[in-house]
Amino acid sequence: MDAATQRFIRIGTASIGLIGLDIALNTIARQEMSETEAVDFLFTEVSRQNYIPPGNQKKYKQALLAAFRKHCNVATEEEGLVIRIFGTGCISCNSLQTLVIETLDRLKLAADIEQIHDPDEIGRAGVTMTPALMINGTIKSTGLIPTPVQVEQWVQEANNA
């Protein structure tokens, strides 16, 4: 039996930790369900172990749909730059995040930056060495800190795509 762990998803502008989401995602991944059925199932399962503020059900269901699509590797079109930094939270990972933030500041660009520390989620993303940098769903580097010039080039390419 899987242990209930906390998994963070973005709901609006906040990252919310939900207990039991991983178990529910793994349960529906083994079944044939439409997206609507999957979201209803996820919402029901998550509601049992987590407080969902009244009036926010729609936001939670949208976030659960995104989590379901991500878990099933269904391509979704995300708005703007989405940058993910994978690692254990070590000095190198933090340095990479600082480098990315400085690059975005220099280019006067905004991005959704997320640090991923969960080993399961790192593995699901296909990352084998950390720190790793992913921009808009494409892994750009693993196992090392890229140069500021490389990061700037990747960010500009992703922003212009």
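How near do the axes of α4 and helix α6 (residues 148–160) come, and at what angle do they cross? In this predicted model, in which residues are numbered from 1 along each chain as its sequence is written, local features need pLDDT of at least 70 and side-chain atom pairs count only at pLDDT 80 or more, while totals for chains, interfaces and linings use all residues. Side-chain values use heavy atoms, with hydrogens and water left out.

Two packed helices are described by the angle between their axes and the distance between the axes. The axes of α4 and α6 come within 10 Å and cross at roughly 60°, where axes are lines fitted to C-alpha atoms, for helices over the stretch in contact, and angles run from 0 to 180 degrees between N-to-C directions. Helices (H or I, at least four residues) and strands (E, at least two) are DSSP runs, numbered from the N terminus. The two helices are therefore oblique to each other, given that angles under 35 degrees count as roughly parallel, over 145 as roughly antiparallel, 65 to 115 as roughly perpendicular and the rest as oblique. On the α4 side, Leu99, Val100, Thr103, Leu104, Arg106 and Leu107 meet Pro148, Val151, Glu152, Val155 and Gln156 of α6, contact being defined as heavy atoms within 4.5 Å. By class, this contact of α4 with α6 has seven nonpolar, two polar and two charged residues; Ala, Val, Leu, Ile, Met, Phe, Trp, Tyr, Cys and Pro count as nonpolar, Asp, Glu, Lys and Arg as charged, and the others, Gly among them, as polar.

Thr103, which is found in helix α4 (residues 91–107), counts as buried at 0% relative accessibility, the term buried meaning under 20% relative accessible area, exposed over 50%, and partly exposed in between (1.4 Å probe, protein chains only). Leaving aside neighbours within four places in sequence, Thr103 is in contact with Pro148, Val151 and Glu152. The side chain of Thr103 also reaches the backbone oxygen of Leu99, at 2.8 Å.

Several backbone features lie in loops. The peptide bond from Thr130 to Pro131 is cis, with omega near 0°, and Pro131 is placed in the loop between α5 (119–124) and β5 (132–135). Lys108, in the loop between α4 and β4 (111–116), has a positive phi of about 60° although it is not a glycine, and with a relative accessible area of 72% Lys108 is exposed. Asn136, found in the loop between β5 and β6 (138–142), has a positive phi near 50° and counts as partly exposed at 32% relative accessibility.

Definitions and conventions:
A polar contact is a pair of N or O atoms within 3.5 Å; within protein, one must be able to donate a hydrogen and the other to accept it, and residues adjacent in sequence count only if both atoms are side-chain atoms.
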